[in-house]
Every structure is written in C-alpha cells, then in structure tokens.
Amino acid sequence: MGEHIIKLPDVGEGVAEAELVEWHVKVGDLVREDTVLAAVMTDKATVEIPSPVDGEILWLGAEIGDTVAIGSPIVRLKVAGEGNVKAAEAAPKAETPAKSAEAKPEPAPSAPKAVPKPPEAPKAAAASKASRPASVSGAPRAEGEKPLASPAVRLRAREAGIDLRQVAGSGPAGRISHEDIDAFVARGPQVARATGLAQKDGVEGIKVVGLRRKIAEKMSLAKSRIPHITYVEEIDVTALEELRATLNKEKRGAKGTERPKLTLLPFLMRAMVKAIAEQPNLNALFDDDAGIIHQHEGIHIGIAAQTPNGLVVPVVKHAEARDLWDCAAEVNRLADAAKTGTATREELSGSTITITSLGAMGGVATTPVINYPEVAIVGVNKMMVRPVWDGTQFIPRKLMNLSSSFDHRVIDGWDAAVFVQRIKALLETPALIFVD
C-alpha cells in the first residue's frame, strides 16, 4: 500500500489561488477514480476537483472558506501500489492529519483536568433546587385541560396576561400556586401555545464563503470607491408591449428558424446600444488606481441574474452586433447556464455596462449598485397600468420606471440624464429601435 497526494490543479488561466467552497468527502471515505472530492471557486466560476485514483481518504488539507494556492496539497489518499509519495515523506505527515473530523478526539492527556468539580457546582445545585417547583409536573397541559388554581392565583394570572395552561403546577394534582407563577415569570416572556407564538433566542453563525463572499467583496468595493448618482425616470411602455405581443405571435423567422420569446430585456438592450453610440463614455471601465478610463467599442452587457447560489452577472458579448432575437436567445442561454451553475468564467466576466431587474418582485424604484469597475448600470422596475391624463380624459397606460446609477467621478448628472432620456424615447416609440 502507498499514499497519493492530490494538489489543487490549475483551474483557470492566470489564476494563482482559489477558495474552497465545498467538500464532497471526509476522512475515511473510499473513493474511486473521477469521484468529485471538492469544489473550489475563482472569481465567480466554481470548479469541481475529481480524484485521479482509487483510494481511502487519509487527510484533507483545508477547510471550507480557506484560500488555497494552485499546486498546494489538498487531499492525501491511501492507495494500492506505491502511490506518488515516498514512505519517508508520508510517515510524519500521516501522524498529523490537518483539520479532519477524526483528528479532534485526540486529547486524552487533558482528561484528568476535568475531574475536579468547578467551584460553581454548589451554587448550580442550589439554583436548580430553587427552581424545581416550576417543572415538577412537566410539559404544559393539553388543549382543553383545566388547570387547578385558587381564585387569587387565577386573578393574578389574568391580570398579568398569563395562560395558566402553560404553567406547571407544583402542588397536589398539579395545583398552581403563586410560587409557580413567580417561577414562570422568572423564565422570561411566555406566549400561550394556542396562539402558535413563542419567543426564540437562538443565534446561528453562518460563515460567509464562496459566491456570497465574492458578492460581498465586490459590493463593498463598488460602494466604497464609486460615488453613485441615481437617476429615476418613468417610461410609458404601452406601445412597446403591444409590439412585443405582436412579434411574439411570429414563431419563426424569415428562414424558418424558431424564434425565442421576446421579453422587455432585448428591447432595452437594443435601446442601450443606440444610446451608447451617441454617448460612448457610458460604455467604459474606470481604472481609478491608474487614473485611466477604458472606453470600449464593443458593447458587452451584463445581465444581473439571481441563482440558487446567489447573484451572478452573465454577459451578452457584442450586443451591438446582435438583433432583437439574437439578444433574446443569448439572454435565455446565459440565464439557464447561470441557474444550473454551468456558466463558464468567460461567460461571467468582461461586461462593460450592466442591466439589473427587480421588476418581477414589484419594486417601483431602486438604487442599483454599479458593477465595479463599470461606470453605469440600468435598473428595470415594476411595470403597472395607471391612468394618464391625455388632455381630455384619463386613459390606461402601462408605465415602468428605469432606475439607473452612474459613477459621478466620470459621468456628469447632465450626461446621465441625456442617456436615460434617449433610452426613454426609444422605448416609448419602439419603431425607432429598428431604424439604423
């Protein structure tokens, strides 16, 4: 028998380290070749690490949340044959397994320290004896069971808002005394079981790891380094919704290919492409350390998407070269990849401007956080039908707010307003989207 060390492989070009986000095995497990051992994250891409050999897990080299350098040992296995570790190397390391669950019950020498009873023991015994009357008869009474108590005790309980069915009695046949009431009150606020309410005091500590930590780091960076200005504008999308419904009736294109269903996003993307052509400074990344604004010709629109694991931003590359249906198809493809966790690192990076949408949740206005180091983000809010005065009468119109944030270091308020007003004009007269 021998030992085999598995090191963290190269998980992406230019990546020097990765965060361990999940173990699929534990010490003592038997694994086969290609069994997934762990998952690591770099940027926003999660990569699974398989075992190259059959064997038994002897040692795990990191804990969830640890950052591990490429090439560092992460797993040690017992394997048939020689393995890839010399016996002289393996012996000392095998004696000190790192952070495994099996390594914890070692400290036998410290057992004698636990023999003497702590000095507080007499006090604890006295305290438990003093509180005993409140727990003699056990659990609160069943529904409909009438508690035994004197009229004076009942009056006191009624005035204090205490349900006697929840008070344990220490007297004969479970009779409740004033001392039982005192003990009940001393335990803190209690709520009758019949109401379905109860006080809870537990606290759960949740370690921030993986995608949640990446999101936290990026949001903190964006808010600490970018002075945001948010501009909210109301858009009348009545004509756009009518056009969208008409276009969705056409299931196939000119060449007989099946067309994807159009949502609002492809129209917004095409409107942004046209608005950016007039204000290219909005399609930029700001390297504030170097003091350089990188203005891009290609328009790569990030679409903020909520997944079971957290917020990710898949990117529609070169939106300027895509028509309405191509934009829709690419959004659908990327959304599916993001939700299933199969989106690649390339698909989750490289955006030059971002769209975020909470409209489905009902928000009428938001203050989006810019996707650092971009300089602008466009937020879509709830669409609703409201009465609008046309000069002679109120008519129903479909209205929606756009809440957009800009980096005020490089985008003036006037330029931000011009950009949003251009998008507004295109969405309110959607035929203009198709005019070159």
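**Pocket close-ups**

**View 1. Strand 5 at the second largest pocket.** Strand 5 supplies four residues to the lining of the second largest pocket, the largest share. The model shown is predicted. The second largest pocket holds about 470 Å³ of space. Its lining numbers 23 residues. Closest to the centre of this pocket are Met41, Thr46, Leu211, Asn309 and Gly341.

**View 2. Elements and classes around the second largest pocket.** Two or more lining residues come from each of strand 2 (17-23), strand 4 (36-42), strand 5 (45-50), helix 5 and helix 8. By class, the lining of the second largest pocket has twelve nonpolar residues, seven polar and four charged.

**View 3. Centre of the largest pocket.** The volume of the largest pocket is about 660 Å³. A total of 34 residues line the largest pocket. Ala304, Ala305, Leu311, Thr356 and Ser357 lie nearest its centre.

**View 4. Helix 8 and the other elements of the largest pocket.** Helix 8 (324-340) is among the elements with two or more residues in the lining of the largest pocket. The others are helix 5 (210-225), helix 7 (264-278), strand 13 (305-307), strand 16 (353-357) and strand 17 (376-389). Helix 8 gives the most, with six residues.

**View 5. Residue classes in the largest pocket.** The lining of the largest pocket comprises 20 nonpolar, ten polar and four charged residues.

Terms used: Residues numbered from 1 in each chain as written. Predicted model: local features only at pLDDT ≥ 70, side-chain atom pairs only at ≥ 80, totals over all residues. Heavy atoms only, no water. 1 Å grid on protein atoms, 1.4 Å probe; cavity = no way out; pocket = protein on both sides within 12 Å on 5 of 7 lines; lining within 4 Å. Points joined across faces, edges and corners; volume = space filled by probe spheres on them. Nonpolar A, V, L, I, M, F, W, Y, C, P; charged D, E, K, R; others polar.
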